[in-house]
Amino acid sequence: MVEAGGAERLEPLFPEEVPARVDSWVEKRRREYRAGRHAARSLLREMGLDAHRVIRDDDGVPSFPTGFSGSITHTGRQSTFAAAVLCPDLSGVGIDAEESQVLEADLRSRVLSNDEGHALERFGGVESNALLVFSAKEAFYKCVYPRERTFLGFLDVEFELVDVETTERERRGHFRVSTRLLSKSCPRTLEGRFIETAERTLTLVSWT
């Protein structure tokens, strides 16, 4: 993972990594994109894969070396947080980070079903868990989309919070995410993990 306050701390992009129409992006978006590639290439080097170009396809999916599944996330307002995950021998992996915030009621209604809301009552209710559900469904989508190439809305994905452990500094736990709308080659239910701090929520979903 990498956390940076400005683009001057990040590695420059390779020409192949520069997206089309990047000149139209605001500085925040440019910095986040660059931080994500910085995180991914740092991780690739740790695994002995030096100077790999992390380009993206027409759907925005980043490319990783053959035999690896990977995912990138980035977020930030005052400073930029970016993280990447790279795993061999997995069908897919998705990671998502969100800065801590309380989701407005209209957005919560677009992210969570009534059944999901009722199930969250024993974990503190909808308001305190809505950002987690949002992030978990984003991570699920990023996990399955590179192989399935199927668009999923938030309400197309079911979230189940399995267990939670809370300390003075963080909350972490295990969840499940599922959908009936993908091909038979994709498992109906995938497992996920999360960690929440005062600054952000980070979720990870894997497809073994």
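The model is predicted, so local features need pLDDT of at least 70 and side-chain atom pairs count only at pLDDT 80 or more, while totals for chains, interfaces and linings use all residues. Residues are numbered from 1 along each chain as its sequence is written, and side-chain values use heavy atoms, with hydrogens and water left out. The chain holds 4 helices and 8 strands, and its largest pocket has a volume of about 960 Å³.

**Overall fold**

- Helices (H or I, at least four residues) and strands (E, at least two) are DSSP runs, numbered from the N terminus.
- Read from the N terminus, the order of elements is β-α-β-β-β-α-α-α-β-β-β-β.
- The chain has a radius of gyration of 17 Å, which agrees with the value near 17 Å for a compact globule of 208 residues. The radius is taken over C-alpha atoms, and the globule rule is 2.2 Å times the number of residues to the power 0.38.
- Along the principal axes, the C-alpha trace spans about 50 × 40 × 35 Å.
- Of the 208 residues, 46% count as buried. Buried means under 20% relative accessible area, exposed means over 50%, and partly exposed lies in between (1.4 Å probe, protein chains only).

**The largest pocket**

- Here is how a pocket is found: on a 1 Å grid over the protein atoms alone, it is an open set of points where a 1.4 Å probe fits, with protein on both sides within 12 Å along at least five of seven lines. Grid points are joined across faces, edges and corners, and the volume is the space filled by probe spheres set on the points.
- The volume of the largest pocket is about 960 Å³. Of the 41 residues that line this pocket, the closest to its centre are Gly60, Pro62, Ser71, Ile72 and Lys142. A lining residue has an atom within 4 Å of a point.
- Helix H1 (27-46), strand E2 (68-75), strand E4 (92-99) and H4 are the elements that give two or more residues to the lining.
- By residue type, the lining divides into 17 nonpolar, 12 polar and 12 charged. Ala, Val, Leu, Ile, Met, Phe, Trp, Tyr, Cys and Pro count as nonpolar, Asp, Glu, Lys and Arg as charged, and the others, Gly among them, as polar.

**Aromatic contacts**

- Rings of Phe, Tyr and Trp (its six-membered ring) pair if their centres lie within 6.5 Å; planes under 30 degrees apart are stacked, over 60 edge-to-face, and the rest tilted. By this rule there are 5 aromatic pairs.
- One of them joins Tyr141 and Phe151 edge-to-face, at 6.4 Å centre to centre and with 75 degrees between the planes. Tyr141 lies in helix H4 (residues 126-148) and Phe151 in the loop between H4 and strand E5 (158-166), so the pair ties together parts that are 10 residues apart in sequence.
- Tyr141 is partly exposed at 22% relative accessibility, whereas Phe151 is exposed at 66%.
- Tyr141, Tyr145 and Phe151 make up one aromatic cluster.

**Charges over rings**

- A charge sits over a ring if NZ of Lys or CZ of Arg is within 6 Å of the ring centre and within 35 degrees of the ring normal.
- Arg147 lies over the face of Trp207, 4.8 Å from the ring centre, and Arg200 lies over the face of Phe81, at 4.0 Å.

**Backbone angles to check**

- Most residues other than glycine have a negative phi.
- Asp89 has a positive phi of about 60 degrees although it is not a glycine. This residue lies in the loop between strand E3 (80-88) and E4, and Asp89 is exposed at 73%.
- Arg149 also has a positive phi, near 55 degrees. Arg149 is in the loop between H4 and E5 and is partly exposed at 36%.

- Val93 belongs to strand E4 and is buried, with a relative accessible area of 2%. Its C-alpha atom is 17 Å from that of Met47, 46 residues away along the chain.
- Glu99 is in strand E4 too, and is buried at 13%. The C-alpha atoms of Glu99 and Trp207 are separated by 25 Å.
- Glu27 is in helix H1 and is partly exposed at 46%. Between the C-alpha atoms of Glu27 and Cys143 the separation is 27 Å.
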